[in-house]
Amino acid sequence: FFCRVMEISQQVSAGVALLGDETAFDDGSFDALVKATFRNACGEDTKGKKQELQSISEIKELSDVDAVAVKSAHAALTTFVYEAAKTDVPASQIISSLEDSRLPEARVKAIMVAMKHAIQIHQKDTHETYSISHKILGNRFRHAKKYAHTVKQTQNTTQARNLSLTHAHT
């Protein structure tokens, strides 16, 4: 018996938890970020039309959200999606991981709907059923390291900013 387990770092969990903060991400910005994450991960829009990677800084619904929070949440959600795909875990474990990151039920459902939609697009394209790793990752796996690196950079930037603010107050 083999048990698949998602291994989510504290940085990824914290970034995903940002998506649960409705003061940081209102419903519109949350939806825009989730759509952009899956569009970039899968390379397709909601209709299955092939798309190039889109910079999150170009998304107007995110322009009023703190840039560090957007980058951190985007990188974390992308890493989370790739980890879920890589480990091919069941939906119940993905939901549990999102709930552990303190996401409200409605936002967990929104992410799961986006994930299910991404899987359906790939099934329709290929007319075959693959594991979730093939459905989500496709040929975009090479971007996983880039986003994982972005999570680390965002954390370092936040720590440096907090440190400079601490020194400025002393």
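At what angle do helix H1 and helix H3 pack, and how far apart are their axes? In this predicted model, the angle between H1 (residues 10-18) and H3 (residues 67-87) is about 115°, and their axes lie 7 Å apart.

**The whole chain**
- The protein chain holds 7 helices and 0 strands, so reading from the N terminus gives α-α-α-α-α-α-α.
- Of the 170 residues in the protein chain, 42% are buried.
- Among contacts with a separation of 6 or more, 75% join residues 24 or more positions apart.
- The protein chain has an accessible surface of about 9900 Å², and carbon and sulfur atoms account for 53% of that surface.

**Where H1 meets H3**
- H1 and H3 cross in a left-handed sense.
- On the H1 side, the contact is made by Val12, Gly15, Val16 and Leu18.
- H3 contributes Ala69, Ser72, Ala73, Ala76, Leu77, Thr79 and Phe80.
- Sorted by class, the residues in this contact are 8 nonpolar and 3 polar, with no charged ones.

**A look at Ala110**
- Ala110 counts as partly exposed because its relative accessibility is 27%, a value between the 20% and 50% cut-offs.
- Beyond its neighbours within four places in sequence, Ala110 is in contact with Phe30 and Val34.
- Phe30 is 80 residues from Ala110 along the chain, and the C-alpha atoms of the two are separated by 9.4 Å.

Notes. Residues are numbered from 1 along each chain as its sequence is written. This is a predicted model: local features need pLDDT of at least 70, side-chain atom pairs count only at pLDDT 80 or more; totals for chains, interfaces and linings use all residues. Side-chain values use heavy atoms; hydrogens and water are left out. Axes are lines fitted to C-alpha atoms, for helices over the stretch in contact, and angles run from 0 to 180 degrees between N-to-C directions. Helices (H or I, at least four residues) and strands (E, at least two) are DSSP runs, numbered from the N terminus. A crossing is left-handed if the near helix is turned anticlockwise from the far one by less than a right angle, and right-handed if clockwise. Contact means heavy atoms within 4.5 Å. Ala, Val, Leu, Ile, Met, Phe, Trp, Tyr, Cys and Pro count as nonpolar, Asp, Glu, Lys and Arg as charged, and the others, Gly among them, as polar. Buried means under 20% relative accessible area, exposed over 50%, partly exposed in between (1.4 Å probe, protein chains only). Accessible areas come from the Shrake-Rupley method with a 1.4 Å probe; for residues, only the protein chains shown count as cover.
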